[in-house]
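These are my notebook entries on one protein chain.

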Amino acid sequence: MSKRKIEFEFSAGLRWTHWIRVVSIVALTVTGFYLAYVFVAPETADEPVLFLNAKFRMWHEIAGFLLIAVTVFKTYLFIIDRVSSKERISFLDFMSPTIWFQQIKYYLFLGEHPKLRGVYNPLQFIAYIALYAMVFIISVTGLVLYVHNYHNGLGGFLYDYMRPLEAMMGGLAMVREIHHIVMWGILIFIPVHIYMAIFNSIMGQEGSIDSIVSGYKFEK
């Protein structure tokens, strides 16, 4: 059996933001599908007390603001955090044609995994950039939709800032359409991300999936 060394891969902040993002995306997906197409209805009652749609909207907005908050914090970690420097170094791997070539060979079972300076290979890096771009778009369109439901407090404060963005995107109907399209983009990303994480964990045998829980991986 080959000896392995333990290496610290992901900080606590990165791991927490990852799993909080998972929870918020699951909640947003379930509640979002309900708001787009009501798939369950409460029993009828004589009194107006069964505000199921309002409850789903409330949880959708709570999960949405949670996603925005955790994304802002994760962006701060990526830019500033010392422990997250290995994430930033991944940009150097992304810019290397040699590592691109070796990585593609690895996925085609034609070569070994390249030695990376950062924590993400080039394909992972570009996938995460795409994910954060989609999260940014879905957050902005979500805020545009939010200010049309809540006219006081935060909704009232953001109203004047969101209306020009709404006009730039072609009106409220188009904002909702963009919101739904980007949601499907994120839903496509998730199974691909899970598959590739399992692929790398099995092929690399370095505990790459464990690292998003414990923070550590085991290199040969």
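**Entry 1: Terms and source.** I take helices (H or I, at least four residues) and strands (E, at least two) as DSSP runs, numbered from the N terminus. The model is predicted, so I note that local features need pLDDT of at least 70 and side-chain atom pairs count only at pLDDT 80 or more, while totals for chains, interfaces and linings use all residues. Residues are numbered from 1 along each chain as its sequence is written, and side-chain values use heavy atoms, with hydrogens and water left out.

**Entry 2: Overall view.** I looked up the secondary structure and found 8 helices and 2 strands. Along the sequence, the order is β-α-α-α-α-α-α-α-α-β. The C-alpha atoms fill a box of roughly 70 × 40 × 30 Å, taken along the principal axes. I call a residue buried under 20% relative accessible area, exposed over 50%, and partly exposed in between (1.4 Å probe, protein chains only). Of the 220 residues, 35% are buried. I count a contact when heavy atoms lie within 4.5 Å. Among contacts with a separation of 6 or more, 65% join residues 24 or more positions apart.

**Entry 3: Helix 2.** Helix 2 covers residues 52-80 and has 29 residues. I compared its reach with the expected span, which is 1.5 Å times one less than the number of residues. From first C-alpha to last, helix 2 reaches 42 Å, close to the 42 Å expected. Its buried residues are Phe56, His60, Glu61, Ala63, Gly64, Leu67, Val70, Thr71, Lys74 and Leu77. I recalled a general point here: an α-helix has 3.6 residues a turn, so residues three or four places apart point the same way.

I then looked at two further residues. Valine 72 lies in helix 2. Is valine 72 buried or exposed? Valine 72 counts as exposed because its relative accessible area is 52%. From valine 72 to threonine 17 there are 55 residues in sequence and 10.0 Å in space, C-alpha to C-alpha. Threonine 75, also placed in helix 2, is partly exposed at 36% relative accessibility. Its C-alpha atom is separated by 9.2 Å from that of tyrosine 132, 57 residues apart along the chain.

**Entry 4: Helix 1.** Serine 24 lies in helix 1 and is buried, with a relative accessible area of 1%. Leaving aside residues up to four places away in sequence, serine 24 touches Ala63, Leu66 and Leu67. Arginine 15 is also in helix 1. I classed arginine 15 as buried because its relative accessible area is 17%. Leaving aside residues up to four places away in sequence, arginine 15 touches Phe8, Phe10, Ser211, Ile212, Val213, Ser214 and Gly215.

**Entry 5: Nonpolar cores.** I define a nonpolar core as a set of buried Ala, Val, Leu, Ile, Met, Phe, Trp, Tyr and Cys residues joined through side-chain atoms within 4.5 Å. Which members of the largest core touch the most other members? Of its 20 residues, they are Phe10, Leu67, Tyr120, Leu131, Met134 and Ile186. Helix 1 (12-36), helix 2, helix 5 and helix 7 (172-204) each supply at least two residues of this core. The largest share, 6 residues, comes from helix 5. A second, separate core of 8 residues includes Leu145, Leu158, Met162 and Val175. Leucine 131 touches Ile186 and Phe189, not counting residues up to four places away in sequence.

**Entry 6: Helix 3 against helix 5.** I fitted axes as lines to C-alpha atoms, for helices over the stretch in contact, with angles running from 0 to 180 degrees between N-to-C directions. The axes of helix 3 (residues 85-94) and helix 5 (residues 122-146) come within 9 Å and cross at roughly 120 degrees. On the helix 3 side, Glu87, Ser90, Phe91, Asp93 and Phe94 meet Pro122, Phe125 and Ile126 of helix 5.

Entry 7: Phenylalanine 109 is found in the loop between helix 4 (97-107) and helix 5. Although phenylalanine 109 is not a glycine, it has a positive phi of about 60 degrees. I classed phenylalanine 109 as exposed because its relative accessibility is 56%.
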